[in-house]
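Please look through the model below before reading the numbered points. They are meant for someone who has not seen this structure before.

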Amino acid sequence: MTPLEFEQALDRWGTDLDDWPGDAATRARALLAEGAPAPRRSLEAATRVNVFLRELGNAADPVPAHLAARIVARAPERDRLQRGLDWLTGRRWRPAVLALVLAVGGFLTGSAVDDPVDAKLADAVMSLAFSDLYAEVNDVR
C-alpha cells in the first residue's frame with residue numbers, strides 16, 4: 001500500500017483500522033510498521049479531526065424553545081395556491097416546461113410555413129439519413 005492509497009483509505013473507512021476490510025487493514029498495518037512518517041502523520045491528523053468533530057458535536061447547544069417559537073411565528077403564511085404554484089415551477093419542472101415551450105414553438109413555426117417541403121427532396125434526405133439503418137436490417141435477414 002502506498003501512502004496515497006493509505007490516505008484515500010483513511011478518507012473512505014476512517015481512522016479505526018479494525019473497521020477496514022481485512023486485506024486493506026493488513027496492508028495499512030504493514031505500512032505503518034515500516035515506520036514511514038507520511039502515513040503516520042496522516043493517521044494522526046485524521047484522528048485529531050475526528051476528535052475535534054466529536055467534541056464539536058457534543059458542544060452544540062439545542063435551540064431554545066422560545067427562539068424556535070418566534071421563528072415559526074414570523075414565518076410568512078402562504079396559501080395553498082401559492083404553494084401549488086411554487087411546487088409546479090420548482091427546479092424539477094423547469095426543464096420540462098422549457099422542453100414544452102420549445103416543442104410548441106417548433107410546432108407553431110412549422111405550421112406557419114406556407115410552402116410544404118418538396119416530397120422528392122424529403123424522400124432523398126430520408127434515404128440518405130436512414131440508408132445505413134436499412135442496410136443493417138437487410139444484412140440481418
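Which side chain meets that of R29 in a salt bridge?

1. The partner is D18, at 2.7 Å from N to O. A salt bridge here is a side-chain nitrogen of Lys or Arg within 4 Å of a carboxyl oxygen of Asp or Glu. This pair links distant parts of the chain, with R29 in helix α2 and D18 in the loop between α1 and α2, 11 residues apart. R29 is partly exposed at a relative accessible area of 39%, and D18 is exposed at 59%. For these classes, buried means under 20% relative accessible area, exposed over 50%, and partly exposed in between, with a 1.4 Å probe and protein chains only.

2. On the basis of the model: it is predicted, local features need pLDDT of at least 70, side-chain atom pairs count only at pLDDT 80 or more, and totals for chains, interfaces and linings use all residues. Residues are numbered from 1 along each chain as its sequence is written, and side-chain values use heavy atoms, with hydrogens and water left out.

3. The count of salt bridges is two. Besides the pair in point 1, the side chains of D23 and R27 meet at 3.6 Å, N to O. D23 and R27 are four residues apart in helix α2, so about one helical turn separates them. D23 is exposed, with a relative accessible area of 54%, while R27 is partly exposed at 37%. As a general point, an α-helix has 3.6 residues a turn, so residues three or four places apart point the same way.

4. The chain contains seven helices and zero strands. Helices (H or I, at least four residues) and strands (E, at least two) are DSSP runs, numbered from the N terminus. Of the 141 residues in the chain, 10% are buried. The accessible surface comes to about 12,000 Å², and carbon and sulfur atoms hold 61% of that area; areas come from the Shrake-Rupley method with a 1.4 Å probe, and for residues only the protein chains shown count as cover.

5. The largest nonpolar core has 11 residues, among them F6, L10, W20, L31 and L43. Such a core is a set of buried Ala, Val, Leu, Ile, Met, Phe, Trp, Tyr and Cys residues joined through side-chain atoms within 4.5 Å. Helices α1 (3-13) and α2 (22-33) each supply at least two of its residues, and α2 gives the most, with five. Leaving aside neighbours within four places in sequence, L10 is in contact (heavy atoms within 4.5 Å) with T15, W20, S42, L43 and A46.

6. A nonpolar patch on the surface is formed by V49, F52, L53 and L56, which together have about 400 Å² of accessible area. Patches are made of residues with over 30% relative accessible area and no salt bridge; like charges are joined within 9 Å, and nonpolar side chains (Val, Leu, Ile, Met, Phe, Trp, Tyr) within 5 Å. Within this group, L53 belongs to helix α3 (residues 37-59) and counts as partly exposed at 49% relative accessibility.

7. Helix α6 (residues 94-112) has 19 residues and spans 27 Å from its first C-alpha to its last, close to the expected 27 Å. The expected span is 1.5 Å times one less than the number of residues.
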